[in-house]
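Keep the picture beside you as you read.

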Amino acid sequence: MPVVTVRVDTARSQAPPARKVRVSGVPSVLTTRTLGVKLALDVEGLFETGEPLEIRPVLVAGGREVGKAGLAVGADLDLNTQSLRLAPGQEVMVGLLLEREDATKMKVAVLDPKTGVVLGESDEIEVKFGI
């Protein structure tokens, strides 16, 4: 008796990271080239080790980077990589600099510097420079 076996590969969905970065203190409108935000590490996994997480906060508009971190209070910012280490329960104030003037709307995005995965992001910020 002939037997036919059919195997169907299912698309593997990439699970969201168990560690997420909360972005707070973000204005709804940006009127200068700089802004400060607070970052905190939220832990959702049962097996959390408490190890710090390396992150890279950036400004993003239209799918491209338009700004980077320039300083951090509460953590050491590596100016070469624009990354810092964030531990669970730690809150860090980060100053970001908008490098492009053609952005009309943007977000603060927190990336994993090794993989580029978005670990957290803000709501959209409208950019309105004065005269």
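Glu-121 has a relative accessible area of 45%, so Glu-121 counts as partly exposed, a label for values between buried (under 20%) and exposed (over 50%), using a 1.4 Å probe and protein chains only. This is a predicted model, in which local features need pLDDT of at least 70, side-chain atom pairs count only at pLDDT 80 or more, and totals for chains, interfaces and linings use all residues. Residues are numbered from 1 along each chain as its sequence is written, and side-chain values use heavy atoms, leaving out hydrogens and water.

Side chains of opposite charge can pair when their charged atoms come close. Here the structure holds 9 salt bridges, each a side-chain nitrogen of Lys or Arg within 4 Å of a carboxyl oxygen of Asp or Glu. In one of them, Glu-121 meets Lys-107 at 3.6 Å, N to O. Lys-107 sits in strand β8 and Glu-121 in strand β9 (residues 118-121), 14 residues apart; strands are DSSP runs of E, at least two residues long, numbered from the N terminus. Shared partners also join Arg-64, Arg-100 and Asp-102 into one network.

Now look at Glu-101, which pairs with Arg-33, their closest N and O atoms being 3.0 Å apart. Glu-101 lies in the loop between β7 and β8, and Arg-33 in the loop between β2 (29-30) and β3, so the bridge ties together parts 68 residues apart in sequence.

What lies inside? The largest nonpolar core has 29 residues, and Val-94 is among those touching the most other members. Such a core is a set of buried Ala, Val, Leu, Ile, Met, Phe, Trp, Tyr and Cys residues joined through side-chain atoms within 4.5 Å.

Key. Helix = DSSP H or I, 4+ residues; strand = E, 2+ residues; numbered from the N terminus.
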